[in-house]
Amino acid sequence: MNFIPTALKQDLVVNEIYTVHYFEFSKNYVFEGESHPFWEFVYVDKGEVNAMRDGEEIRLTKGQILFHKPNEFHTLMANGVTAPNILIVSFNCDSEAMNFFENKVASIGDQERRLLATIIAESEMAFSTPLDDPWTIRLERSENAQTGCEQFIKISLEWLLLSIIRNNSAKQPLAPVSLIKENGQNEIFDKIVKYMEANLDKQLLLSEICRDNLVGRSYLQKLFREKTGGGAIDYFNRLKINAAKRMIRESSGNFTEISMKLGYNSIHYFSRQFKNLTGMTLSEYASSVKILTGKQ
């Protein structure tokens, strides 16, 4: 038999990226604006920001993504109240399918968020350039990059763009049973995360999380290992430290006051946990936020 190959059609191809940024801005951050001959998107991971493109003002909240077409002038600023976390990716794509993203603002789901997380994680491995350096004009390859990092970035970015086009263009088919099961797990996980976020001022025990959310201990730990790669208490501690970082950027009290707001009995324990999870002391992190804002 003579088999005849089928060349796979590619509706959208990304072969070049310029920057991958993940910023933790202060509540008063202001970027005066720029334009460039390539595509860029801005995703709000936490908080909210006010963006402007060619004179149009747009309020972006958590979970929303905004696209800037080539040569479109755009600015970005925090709202003066909340300290936002922002992902910005700029890239080249000449595919006709990109016309869909002109003047586009979209809300994304769990699948797209996982793709964004992959882009960040693979970029941190692929490039030695810090993702929070606002002056990046070229990504420097890391000597210790694992096999396939850049290809994972390409695949994830193309998958993200195609997924947004699909989800905003056509009716989706019925979900298979396995997907329904996954969605059920996602609902439980999201419910527990919201419970944790509502109790950041406490020192929760694993037994309390199980009791208040009607889940078994082994199921809880299995769920968090699958979703986060670690245990439920580890995730809760990271939520606390992320909240501390936001409070520092919003100037919501001194370090002792922030420690008390987050339910720590000791400022020394709070300081040690912050250093362990961020790699910086409280003072070093506060200084880095000021430097970042000053650079911009």
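This passage walks through the predicted model of the protein, from its overall build to a few single residues.

Because the model is predicted, local features need pLDDT of at least 70 and side-chain atom pairs count only at pLDDT 80 or more, while totals for chains, interfaces and linings use all residues. Residues are numbered from 1 along each chain as its sequence is written, and side-chain values use heavy atoms, with hydrogens and water left out.

The protein contains 9 helices and 9 strands; these are DSSP runs numbered from the N terminus, with helices (H or I) of at least four residues and strands (E) of at least two. Its radius of gyration is 21 Å, which agrees with the value near 19 Å that a compact globule of 296 residues would have. Here the radius is taken over C-alpha atoms, and the globule rule is 2.2 Å times the number of residues to the power 0.38. The C-alpha trace spans about 70 × 50 × 40 Å along its principal axes.

Of the 296 residues, 42% are buried. Among contacts (heavy atoms within 4.5 Å) with a separation of 6 or more, 73% join residues 24 or more positions apart.

The structure holds 14 aromatic pairs. Rings of Phe, Tyr and Trp (its six-membered ring) pair if their centres lie within 6.5 Å, and planes under 30 degrees apart count as stacked, over 60 as edge-to-face and the rest as tilted. The rings of phenylalanine 100 and phenylalanine 101 form an edge-to-face pair, because their planes stand at 90 degrees, with the centres 5.2 Å apart. Phenylalanine 101 is buried at 0% relative accessibility, whereas phenylalanine 100 is partly exposed at 24%. Both belong to one aromatic cluster formed by Phe41, Phe67, Phe91, Phe100 and Phe101.

Valine 20 sits in strand β1 (residues 16-24) and is buried, with a relative accessible area of 1%. Leaving aside neighbours within four places in sequence, valine 20 touches Leu87, Ile88, Val89, Ile119, Ser123, Leu131 and Leu139. Its C-alpha atom is 25 Å from that of lysine 275, which lies 255 residues away along the chain.

Lysine 202 belongs to the loop between α3 (177-198) and α4 (206-213) and is partly exposed, at 40% relative accessibility. Beyond its neighbours within four places in sequence, lysine 202 is in contact with Phe236, Lys240, Leu262 and Gly263. Lysine 202 and tyrosine 264 are 62 residues apart in sequence, with 7.8 Å between their C-alpha atoms.

Two further loop residues have a positive phi without being glycine. One of them is aspartate 54, with phi near 45 degrees, in the loop between β4 (48-53) and β5 (56-61); aspartate 54 is exposed, with a relative accessible area of 52%. Leucine 214 has a phi of about 55 degrees and is found in the loop between α4 and α5 (217-228). At 77% relative accessibility, leucine 214 is exposed as well.

How values were computed
Buried means under 20% relative accessible area, exposed over 50%, partly exposed in between (1.4 Å probe, protein chains only).
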